[in-house]
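User: I have a new structure to read. Please walk me through its features, and tell me how each one is judged.

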Amino acid sequence: MTIATDAGTETRAKRLRAATSAAHERVDHAVMAANPFADRESYARFLRFQYRLHRHVEPLYADPAMHALLPDLLMRSRLAALEQDLADLGLAPPDAAFGPCLPQAEALGWLYVVEGSNMGAAFLAKDAAKIGFSDTFGARHLAGHPEGRGLHWRRFTAALDAVELDEDGERAAERAACAAFDHVLGLIGDELGPEGAGSR
């Protein structure tokens with residue numbers, strides 16, 4: 001059975017949002033508690049965290065099978081921008097492995113989380129600006145799309161919602177989105193937590 005996403009049915013994006021709301025809140029609190037925009041050193045740790053996340057998901061952005069479902073996916077990758085941001089600060093990218101390519105439903109769950117983070121990046125970009133970073137220096141990966149963050153996100157969710165999944169696929173996407181937030185939380189602990197400060 002395929003779950004429809006017509007006008008009378010809650011969309012997949014909304015279901016994923018509901019399924020991950022608690023995990024999303026934990027991540028938001030963890031990032032803010034780390035005060036990553038306190039100074040240049042704190043921001044450098046934030047860049048390391050972001051780089052490790054985007055390096056992990058890069059195979060999903062490069063997967064031709066996903067391009068057929070999400071046509072502008074390759075252009076949405078922020079890994080190259082993060083490499084430039086690190087170079088702006090005179091930093092080498094941290095050691096980080098690519099994650100695996102995932103089955104379709106799981107990939108959709110992960111991409112929902114990573115793409116959704118670009119909406120919240122509007123607030124992070126303002127904080128980065130306070131310590132001298134911008135979309136042309138040090139904070140390129142936080143920049144909004146030229147067409148606007150909202151429209152860019154809606155284009156993504158429209159494509160996400162249009163993919164046909166059966167009930168097992170829907171549940172797999174939800175589990176994967178929760179797993180993605182757990183992964184993010186682990187990276188925050190590694191790079192932004194007290195034990196991560198100055199340890200790399």
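This is a predicted model: local features need pLDDT of at least 70, side-chain atom pairs count only at pLDDT 80 or more; totals for chains, interfaces and linings use all residues.

User: Where is M75 found?

Analyst: M75 sits in helix α4. Helices are DSSP runs of H or I with at least four residues, strands are runs of E with at least two, and both are numbered from the N terminus. From M75 to A62 the C-alpha distance is 9.6 Å, and the two are 13 residues apart in sequence.

User: Which helix holds L73, and is L73 buried or exposed?

Analyst: L73 belongs to helix α4, residues 73-76. Its relative accessible area is 0%, so L73 is buried.

User: What does L73 touch?

Analyst: Contact means heavy atoms within 4.5 Å. Leaving out residues up to four places away in sequence, L73 touches L60, Y61, M66, H67 and L111. D63 is 10 residues from L73 along the chain, with 9.1 Å between their C-alpha atoms.

User: How many helices and strands does the chain have?

Analyst: The chain has 8 helices and 0 strands. In sequence order the pattern reads α-α-α-α-α-α-α-α.

User: How does the radius of gyration of the chain compare with that of a compact globule?

Analyst: The radius is taken over C-alpha atoms, and the globule rule is 2.2 Å times the number of residues to the power 0.38. For 200 residues, a compact globule would come near 16 Å; the chain has 17 Å, which agrees. Along the principal axes, the C-alpha atoms fill a box of roughly 50 × 35 × 25 Å.

User: What share of the chain is buried, and what share of its contacts join residues at least 24 apart?

Analyst: Buried residues are 46% of the 200. Take contacts between residues at least 6 apart in sequence: 82% of them join residues at least 24 apart.

User: What does the loop between α1 and α2 hold?

Analyst: Two residues to look at are N35 and F37. Start with the backbone. Most residues other than glycine have a negative phi. N35 is not a glycine, yet its phi is positive, about 50°. The loop of N35 runs between α1 (12-33) and α2 (40-61). With a relative accessible area of 44%, N35 is partly exposed.

User: Is F37 buried or exposed, and what does F37 touch?

Analyst: F37 is buried, at 11% relative accessible area. Not counting residues up to four places away in sequence, F37 touches Y43, F46, L124, D127, A128 and I131. H54 lies 17 residues from F37 along the chain, and their C-alpha atoms are 19 Å apart.

User: Where is E174, and what does E174 touch?

Analyst: E174 is in helix α8, residues 167-191. A relative accessible area of 19% makes E174 buried. Beyond residues up to four places away in sequence, E174 touches R15, L16 and A19.

User: How many disulfides are there?

Analyst: A disulfide is a covalent bond between the sulfur atoms of two cysteines. Here a disulfide is counted as a pair of cysteine sulfur atoms within 2.5 Å. The count comes to 0 disulfides. C101 is partly exposed, at 48% relative accessibility. C178 is partly exposed at 26%.

Technical notes: Residues are numbered from 1 along each chain as its sequence is written. Side-chain values use heavy atoms; hydrogens and water are left out. Buried means under 20% relative accessible area, exposed over 50%, partly exposed in between (1.4 Å probe, protein chains only).
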